[in-house]
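Subject: Structure handover

Hello,

Here is the structure for your work, with notes on pockets and salt bridges below it.

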Amino acid sequence: YARGLDREMILRLHRQVTGNFLPDMTFLLDLPVETGLERAWQAVESGGRSRAETRFEEEDLAFHRRVRRGYLEIARQAPDRFRVIDAARDEIAVREAVCRTLNEVMHGTVQ
């Protein structure tokens with residue numbers, strides 16, 4: 001989505017390489033672009049990541065917004081597989097949301 005590549009070509013490549021294998025469940029940890037970039041740069045500044053690992057963070061905001069929109073669109077197209085989690089919350093709340101969702105799915109309480 002962000003680089004304007006042909007989505008159908010990407011899907012054809014995916015099918016060729018994986019035999020169209022898809023996970024049963026995908027968690028999409030969603031948060032505003034600005035928050036995600038702020039967190040990423042904090043990890044670099046704190047030594048949790050190397051500055052050599054920042055080629056995506058150095059892209060402009062429009063790029064990151066297209067990436068986010070693309071992932072949300074993929075999730076919208078496959079609602080049975082995707083679980084979108086609000087990752088703007090603190091780490092404990094996000095972990096609890098993921099665990100709660102897993103528990104619901106494993107126990108058949110999610111529709």
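Is Asp86 buried, partly exposed or exposed? Asp86 counts as partly exposed, at 39% relative accessibility. Please keep in mind that this is a predicted model.

Salt bridges

Asp86 pairs with Arg89 in a salt bridge, with 4.0 Å between the closest N and O atoms. Arg89 is likewise partly exposed, with a relative accessible area of 31%. Salt bridges with shared partners also link Arg49, Glu53 and Glu57 into one network. Within it, the side chains of Arg49 and Glu53 meet at 3.6 Å, N to O. Glu53 has a relative accessible area of 45%, and Arg49 has a relative accessibility of 24%.

The whole structure has seven salt bridges. One of them joins the side chains of Glu34 and Arg65 at 2.6 Å, N to O. Glu34 sits in helix α2 and Arg65 in helix α3, so this pair ties together parts 31 residues apart in sequence.

The largest pocket holds about 650 Å³ of space. It is lined by 19 residues, of which Tyr1, Arg7, Ile10, Tyr71 and Ile74 are the closest to its centre. Its lining includes at least two residues from each of α1 (7–18) and α3 (61–77). By class, that lining has 10 nonpolar, five polar and four charged residues.

The second largest pocket holds about 370 Å³. Among its 17 lining residues, Leu31, Gly36, His64, Val67 and Arg68 are the closest to the centre. The largest share of this lining, six residues, comes from α3. Its classes are 12 nonpolar, two polar and three charged.

Regards

Terms used. Residues are numbered from 1 along each chain as its sequence is written. This is a predicted model: local features need pLDDT of at least 70, side-chain atom pairs count only at pLDDT 80 or more; totals for chains, interfaces and linings use all residues. Side-chain values use heavy atoms; hydrogens and water are left out. On a 1 Å grid over the protein atoms alone, a cavity is a set of points where a 1.4 Å probe fits but cannot get out, and a pocket is an open set with protein on both sides within 12 Å along at least five of seven lines; lining residues have an atom within 4 Å of a point. Grid points are joined across faces, edges and corners, and a volume is the space filled by probe spheres set on the points. Helices (H or I, at least four residues) and strands (E, at least two) are DSSP runs, numbered from the N terminus. Ala, Val, Leu, Ile, Met, Phe, Trp, Tyr, Cys and Pro count as nonpolar, Asp, Glu, Lys and Arg as charged, and the others, Gly among them, as polar. Buried means under 20% relative accessible area, exposed over 50%, partly exposed in between (1.4 Å probe, protein chains only).
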